[in-house]
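Subject: Structure handover

Hi,

Here is the structure you asked about. Please open it first, then read my notes below.

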Amino acid sequence: MTVISGTCASAPDPGFSDVALDAYYYDSVAWLVQAGITGGTAPGKYSPNAKVTRAQMAVFLWTNAGQPAPTPPHSFSDVPTDSYYNDAVSWLVRTGVTSGTAPGKYSPNAKVTRAQMAVFLWQYNGRLGAAGYHGFSDVPPFSYYSAAVSWLVEAGITGGTAPGKYSPNAKVTRAQMAVFLKNNTAAPRPSPGDRYHHPHKWFSGISVKRKGSETA
């Protein structure tokens, strides 16, 4: 089963020969296709094991948001204005999801780590607060991504890679990104006042049941 536009429906065939019916990410990829977020990497191919770049991450999030108008334009020297991800990056900057990797740089070809993915999704959702702590031994409490990971866990977007492990430095695959995006869309949302206000302090007026671990 998969959630599409807030409803529960059987996952359609995504049409990719490299996405097996019994793969843990099958429903998620099917949802991405039906939602119009991706058409794959080539005819009949999704490339589930390929690592997600920062350019691709921008397009995933921008398309998931409905491809809103990207004004004003970004100021990154390494993002060509005629690139497929130009509008997506401009929108990410305008909405505060990212400010780049260095002054004037976005690093579009760099691979996204699980730590960075957590921050992308957290900021994409407005830096929502989490009532509890993530509990992963490999996520330091004062790391730049700790609050983001706590929110991902509470929202049911991820349960880590193994008991007590999040693997923040591991690169995110396209299969894993599909799972993250689908779970993000299906995640419960708190009231507008439930926001993150201070580093390493989490404030929330809701209680969300933590879901079991998944392989993303």
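Which residues of helix 2 are buried? They are Arg54, Ala55, Met57, Ala58, Val59, Phe60, Leu61, Trp62 and Thr63. That makes nine of the eleven residues in helix 2, so the helix is mostly covered. The cover over these buried residues includes helix 1, helix 3, helix 4 and helix 6. Just after helix 2, Gly66 takes a positive phi of about 95°.

Keep in mind that this is a predicted model.

Overall layout

The protein chain has six helices and two strands. Along the sequence the pattern reads β-β-α-α-α-α-α-α. The chain has 216 residues, and 46% of them count as buried. Its exposed surface comes to about 9900 Å². Carbon and sulfur atoms supply 55% of that surface. Take the contacts in the chain with a separation of 6 or more: 70% of them join residues 24 or more positions apart.

Helix 6

Helix 6 covers residues 174-186. How far apart are its end C-alpha atoms? They are 18 Å apart.

The buried residues are Arg174, Ala175, Gln176, Met177, Ala178, Val179, Phe180, Leu181, Lys182, Asn183 and Asn184. Note that Arg174, Lys182, Asn183 and Asn184 are in that list.

The core

In soluble globular proteins, nonpolar side chains tend to be buried together. Here the largest nonpolar core has 56 residues. Which residues have the most contacts inside it? They are Leu61, Met117, Leu121, Trp151 and Met177. The elements that give two or more residues to this core are helix 1 (26-34), helix 2 (54-64), helix 3 (86-94), helix 4 (114-124), helix 5 (146-154) and helix 6.

Leaving out residues up to four places away in sequence, Met117 touches Met57, Val112, Leu152, Tyr166, Val172, Met177 and Phe180. Met57 is one of the buried residues of helix 2.

Aromatic rings

The structure holds seven aromatic pairs. One is Tyr24 with Tyr25, an edge-to-face pair at 5.0 Å centre to centre, with 90° between the planes. Tyr24 counts as partly exposed, because its relative accessibility is 41%. Tyr25 counts as buried, because its relative accessibility is 12% and the limit for buried is under 20%.

Tyr84 and Tyr85 form another pair. Their ring centres are 4.9 Å apart and their planes meet at 85°, so this pair is edge-to-face too. Is Tyr84 buried or exposed? Tyr84 counts as exposed, at 55% relative accessibility. Tyr85 is buried, with a relative accessible area of 9%.

Two arginines sit over tyrosine rings. Arg54 lies over the face of Tyr106, at 4.3 Å from the ring centre. The charged end of Arg174 sits over the ring of Tyr46, 4.3 Å from its centre.

Two loop residues

Pro108 is in the loop between helix 3 and helix 4. At 4% relative accessibility, Pro108 counts as buried. What does Pro108 touch, not counting residues up to four places away in sequence? Its partners are Thr53, Arg54, Ala55, Asp78 and Tyr85. Pro108 and Gln56 are 52 residues apart in sequence, yet their C-alpha atoms are 8.0 Å apart in space.

Lys51 is in the loop between helix 1 and helix 2. Lys51 is partly exposed, with a relative accessible area of 36%. The C-alpha atoms of Lys51 and Val172 are separated by 5.7 Å, although the two residues are 121 apart along the chain. Not counting residues up to four places away in sequence, Lys51 touches Gln56, Lys111, Lys171, Val172 and Thr173. Val172 is also on the contact list of Met117.

Best wishes

Notes:
Residues numbered from 1 in each chain as written. Predicted model: local features only at pLDDT ≥ 70, side-chain atom pairs only at ≥ 80, totals over all residues. Heavy atoms only, no water. Helix = DSSP H or I, 4+ residues; strand = E, 2+ residues; numbered from the N terminus. Expected span 1.5 Å × (residues − 1). Buried < 20%, exposed > 50% of the residue type's maximum accessible area, 1.4 Å probe, protein only. Core = buried A, V, L, I, M, F, W, Y, C linked by side-chain atoms within 4.5 Å. Contact = heavy atoms within 4.5 Å. Areas by Shrake-Rupley, 256 points an atom, 1.4 Å probe, with all protein chains shown as cover. Phe/Tyr/Trp six-rings, centres within 6.5 Å; stacked < 30°, edge-to-face > 60°. Lys NZ or Arg CZ within 6 Å of the ring centre and 35° of its normal.
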